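Colleague: I have not looked at this one before. Please show me how to read it, feature by feature.

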Amino acid sequence: MVSFENLLAARPDEWGRAADTWAALARESEDAANGIFERGSAKVAENWTDQVGAEAGAKLDALANSYLTAAGTMHGVVSILYGLDDSIGPIRRSLESAVDYARRNGFTVDADGRVTAPAGSTAPPEALREADALIREALDSATRIDVEARTQLDELAAAVFNADRDWAVDHVQGNASRAQVELLAEALPTGQDPATVAAWWNALPPQDRAAFERAVPVELYDLPGLPEDVKRRLEGDDGYNRIEAVRWAQQNAFNRDIDIFDNNCANFVSYALSNAGLAPKLDDFGGAYQDGWSQGAQTGWDWLDARDYTHTPAWTVSDRQRDFFLDNGGSEIPLSGAQPGDVIYWEQAAPGGPIAEGGVHHAAVVTSVTPDGDVHYTQHTASRLDASLDGRLPTNEVVEGDQRVVIVRPRQSW
């Protein structure tokens with residue numbers, strides 16, 4: 001149990017500084033890997049073409065991949081340390097606010113955080129209950145975060161012996177990326193009554209409110225007592241409910257029922273937006289057509305539905321989908337302005353990738369933007385939940401070539 005005294009004395013910014021150091025180490029490992037690939041194995045393949053050269057190139061590739069494996073694990077450490085900083089920081093500030101509220105009402109707060117009213121106190125009983133509830137909530141949240149972070153860091157420590165690059169990026173880092181979002185969700189007063197939630201929200205400084213809105217929008221939205229104007233802002237006004245798009249994506253990250261194509265990334269995005277209320281764009285007779293966005297009539301038989309040509313290209317193909325949204329009311333948003341409910345696309349920025357330069361080959365739903373600026377996304381093919389863009393992009397670029405990440409905010413104009 002995190003004690004009252006320990007939480008007040010916490011220095012979460014130290015975790016943030018440690019995360020900065022680990023992030024720098026990860027970048028150095030990635031730079032080393034790129035250097036080996038570009039100036040080592042690639043040059044060997046060009047200029048040393050016999051069996052000995054092939055063996056030398058393979059050893060250099062293995063060395064470069066070991067650096068990428070280490071970087072993948074380091075990015076996991078970064079996620080957890082930033083998660084600690086960005087969750088414990090607001091909790092400590094909430095605790096300080098609750099203590100100040102108690103003392104302004106004439107209450108006493110002892111060394112264990114217990115709130116009592118002196119004899120003859122004229123303060124309303126609900127003020128005592130509220131102050132005590134806010135302090136208990138802060139300590140309980142800090143304890144849950146402490147346990148989860150310790151568990152994640154132990155798993156990351158055990159992963160240092162892993163030599164599989166894909167395992168490090170997909171599993172080790174993937175778990176830590178999701179845990180970073182969960183740590184922030186643990187900082188919310190989930191389970192508290194509306195009055196306590198309202199008091200908590202009103203006491204938050206603006207930067208903490210904005211951080212929670214971007215990092216854990218669904219969990220925040222579901223809190224009873226959250227002001228209605230905040231809920232409306234989270235929903236957005238783009239023709240679909242951004243909260244429901246994120247909720248559907250997170251709940252269906254590993255649901256394969258909709259995966260009727262070889263690649264279902266754009267299909268998954270379309271389902272998320274459709275379930276959030278974005279209306280299909282149909283022809284004058286209510287049917288699907290090539291320039292629209294529609295799933296069309298479905299039979300429920302996957303083999304037939306994948307071949308019935310009623311899905312428009314914008315529903316199932318990532319580059320056509322990106323173009324459709326931009327041509328029909330949507331807009332491209334700077335990466336720094338990404339919000340949950342936006343759509344993220346990967347555009348081939350250089351030759352050597354899975355498609356021609358300038359083409360879009362992947363799509364996902366933005367489901368969280370954590371306070372460190374990392375965009376977390378949820379996708380299909382392969383299924384990932386709250387994956388880290390900062391953590392995955394360097395390895396993606398080694399495998400697929402340079403990428404231009406494009407954030408699109410759809411807006412219904414039809």
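Modeller: Start with pairing: two strands pair if DSSP finds at least two bridges between them. Helices (H or I, at least four residues) and strands (E, at least two) are DSSP runs, numbered from the N terminus. This is a predicted model, in which local features need pLDDT of at least 70, side-chain atom pairs count only at pLDDT 80 or more, and totals for chains, interfaces and linings use all residues. Residues are numbered from 1 along each chain as its sequence is written, and side-chain values use heavy atoms, with hydrogens and water left out.

Colleague: How many helices and strands does the protein have?

Modeller: There are 15 helices and eight strands. The C-alpha trace spans about 90 × 65 × 35 Å along its principal axes.

Colleague: What share of the residues in the protein is buried?

Modeller: First the cut-offs: buried means under 20% relative accessible area, exposed over 50%, and partly exposed in between (1.4 Å probe, protein chains only). Here buried residues make up 50% of the 414 residues.

Colleague: How do I read contacts in the protein, and what part comes from residues 24 or more positions apart?

Modeller: A contact means heavy atoms within 4.5 Å. Take the contacts with a separation of 6 or more: residues 24 or more positions apart account for 68% of them.

Colleague: Back to pairing. In which sense do E5 and E6 pair?

Modeller: E5 and E6 pair in the antiparallel sense, over four bridges. Ser 368 stands opposite His 376 in E6. Five residues lie between the strands of this hairpin, and Gly 373 takes a positive phi near 90° there.

Colleague: And how many bridges join E6 and E7?

Modeller: Three bridges, again antiparallel. His 376 stands opposite Ser 388 in E7. E6 and E7 form a hairpin with four residues between them.

Colleague: Which residues of E6 sit on each side?

Modeller: In a regular strand the side chains alternate between the two faces of the sheet. In E6, Val 375, Tyr 377 and Gln 379 are on one side, with His 376 and Thr 378 on the other. Both faces are covered, and five of the five residues in E6 are buried.

Colleague: What kind of peptide bond joins Thr 381 and Ala 382?

Modeller: A cis bond, with omega about -5°. Ala 382 belongs to the loop between E6 and strand E7 (384-388).

Colleague: What is the phi of Asp 386?

Modeller: The phi of Asp 386 is near 55°, a positive value in a residue other than glycine. Asp 386 lies in strand E7. Asp 386 counts as buried because its relative accessibility is 0%.

Colleague: Now the helices. Why does Gln 152 count as buried?

Modeller: Its relative accessibility is 10%, so Gln 152 counts as buried. Gln 152 is found in helix H4 (residues 125-158). Leaving out residues up to four places away in sequence, Gln 152 touches Ile 80, Asn 175, Ala 176 and Ala 179.

Colleague: Which residues of helix H7 are buried?

Modeller: In H7 (residues 206-215), Asp 208, Phe 212, Glu 213 and Ala 215 are buried. Their cover includes helix H3 (51-104), H5, helix H6 (194-203), helix H8 (217-221), helix H9 (228-235) and E5.

Colleague: Where is Pro 205?

Modeller: Pro 205 is in the loop between H6 and H7. Pro 205 counts as partly exposed because its relative accessibility is 21%. Pro 205 and Arg 92 are 113 residues apart in sequence and 12 Å apart in space, C-alpha to C-alpha.

Colleague: Last topic: pockets. What volume has the largest pocket?

Modeller: On a 1 Å grid over the protein atoms alone, a pocket is an open set of points where a 1.4 Å probe fits, with protein on both sides within 12 Å along at least five of seven lines; lining residues have an atom within 4 Å of a point. Grid points are joined across faces, edges and corners, and a volume is the space filled by probe spheres set on the points. The largest pocket has a volume of about 370 Å³. Its lining has 18 residues, of which Gln 379, Arg 384, Arg 392, Asn 396 and Glu 400 lie nearest the centre. Helix H5 (165-186), strand E5 (360-369), strand E6 (375-379) and helix H15 (389-400) each give two or more residues to that lining. H15 gives the most, with five residues.
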